[in-house]
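Please look over the entry below before reading on.

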Amino acid sequence: MAKFQYVAVDASGNEQRGTLEAANRGAAIAAVRANGLMPKALGEIKGEEADAAAQPKGGARGAKKPAAKGGLNKEIKLGLPKFMKGGVKAKDRTTFTRQLATLVNAGLPLMRCIEVLKKQNQIPSMAECLDGVSENIQGGGTFSEALTQFPKIFDNLYVNMVKAGEAGGVLEVVLQRLAEFEEKAQKIKNKVKGAMIYPAVVLVAAIGITAFLLVAVIPKFKQVFQDILGGERLPAITEFVMGFSAFVQHNGIQIGLGVAALVVLYKIVDKTPQGNFVLDAIRLKVPVTGTLVKRTAISQVTRTLGTLLSSGVPILQALTIVRDTSSNRIIAKALQSVHDAVKEGESMTDPLAASGVFPPMVVSMVQVGEETGALPEMLTRIANNYDDEVDNAVAGLTAAIEPALIIFLAVIVGTIVIAMFLPMIKIISNVSGAGAM
């Protein structure tokens, strides 16, 4: 028997830590779940670490057990199976969920469904995942327990919904809901990404054209003007453009390094808790895109929570999952406040309103859902409503950005053209005057 150290969450959302003995990792996970806990991390304690965990310090009775050397985090990072090192694209997981839901709904046994999907699968990481799931189920584990072995592919949301479906004997219904949930989430994500493609292409083209003109074209005009006009003063706009061109030529590497440094700094700040919190607050308040970000986040949160509750997941556990899967820390903080209020037996309405993130309409609909006992349905309605608003916002944003970028490109190129054309007028005038004499 091997010793394992685990970190898990109970039904109230509280974190629990402990050690246990089991034959293997799968059996350890099953033992944790049998105690009504949702495992978050599990690592095997080996050698001296196991002895240290098992024996009280100094042999005194009742003494506290010393922590395993290196800690649980170290164990979590070691010994991961190959299939856990790489994930699967969201689109591929959505396809898998839809196909599995269709097969299970058709009455096929779960193992037969997995075998069918294994045969037609062409993604190596997904094939290894299905092999692991199949082996785990054949070893006596449940489907949800098998999915916990693949955290890179199946997150807590997915696993908890499957677990609720197994407990209620409605796995086929839950899989259908999961498939619909993932398809709608993917649809919204694709719309937002698609709306950004055209602006990104135009912006890259504008930067490329401007750089080419500044580096390759303007210096040649500068030499021509010096040869023909001598020391004559050029128009102010021409001098500005030529000065900027010279700056770009002489400091191109520094500019590139500066931009790269800003990107790296942004990434580093975004990975720190405080920095990510501040950046998330800014993302929600940016004049043009902030509304879209907020609507997308609210749609995701309400749909996820509604899907979990309608699948039978306890509300505290559902709130914890939604909080952990939220892409915005401001909204995650608001959900933590809701979780704490519900844990104390209070309503969800007050902390939602106090957060300042959720609009009054959302707060009112949640309140009605709590009062009528139809909270999952009301959350789904909110999500559907915000999905429509996201569609409209994306369409409006795309319609506004396209002409704005075209005007932006026209202003930049037009400024450069005018700056180069004005001295040409002076040259033509000088040549014409000389010819007349």
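The points below go from the whole chain to single residues.

The model is a predicted one. The protein chain has 437 residues, of which 38% count as buried. Its secondary structure comes to 19 helices and 3 strands.

**Whole chain**
- Of the contacts between residues at least 6 apart in sequence, 62% join residues at least 24 apart.

**Salt bridges**
- The whole structure contains 11 salt bridges.
- One of them pairs Glu21 with Lys3, at 3.3 Å from N to O. This pair links strand S2 (residues 15-22), which holds Glu21, to strand S1 (residues 2-9), which holds Lys3.
- Glu21 is partly exposed, at 48% relative accessibility, and Lys3 is also partly exposed, at 22%.
- Asp131 and Lys118 form a salt bridge with their closest N and O atoms 3.1 Å apart. Asp131 lies in helix H7 (residues 124-138) and Lys118 in helix H6 (residues 110-120), 13 residues apart.
- Asp270 forms a salt bridge with Arg283, with 3.1 Å between the closest N and O atoms. Here helix H12 (residues 252-271) supplies Asp270 and helix H13 (residues 273-285) supplies Arg283.
- Arg93, Asp155 and Glu182 are linked in a salt-bridge network.

**Surface charge**
- A patch of negative charge on the surface is made up of Asp340, Glu344, Glu346 and Asp350.
- Glu344 sits in the loop between helix H16 (329-343) and helix H17 (349-355). Glu344 counts as exposed because its relative accessibility is 63%, and the cut-off for exposed is over 50%.

Key: Residues are numbered from 1 along each chain as its sequence is written. This is a predicted model: local features need pLDDT of at least 70, side-chain atom pairs count only at pLDDT 80 or more; totals for chains, interfaces and linings use all residues. Side-chain values use heavy atoms; hydrogens and water are left out. Helices (H or I, at least four residues) and strands (E, at least two) are DSSP runs, numbered from the N terminus. Buried means under 20% relative accessible area, exposed over 50%, partly exposed in between (1.4 Å probe, protein chains only). Contact means heavy atoms within 4.5 Å. Patches are made of residues with over 30% relative accessible area and no salt bridge: like charges are joined within 9 Å, nonpolar side chains (Val, Leu, Ile, Met, Phe, Trp, Tyr) within 5 Å. Accessible areas come from the Shrake-Rupley method with a 1.4 Å probe; for residues, only the protein chains shown count as cover. A salt bridge is a side-chain nitrogen of Lys or Arg within 4 Å of a carboxyl oxygen of Asp or Glu. Lys and Arg count as positive and Asp and Glu as negative; His and the chain ends are not counted. The place of a charge is taken as NZ of Lys, CZ of Arg, CG of Asp or CD of Glu.
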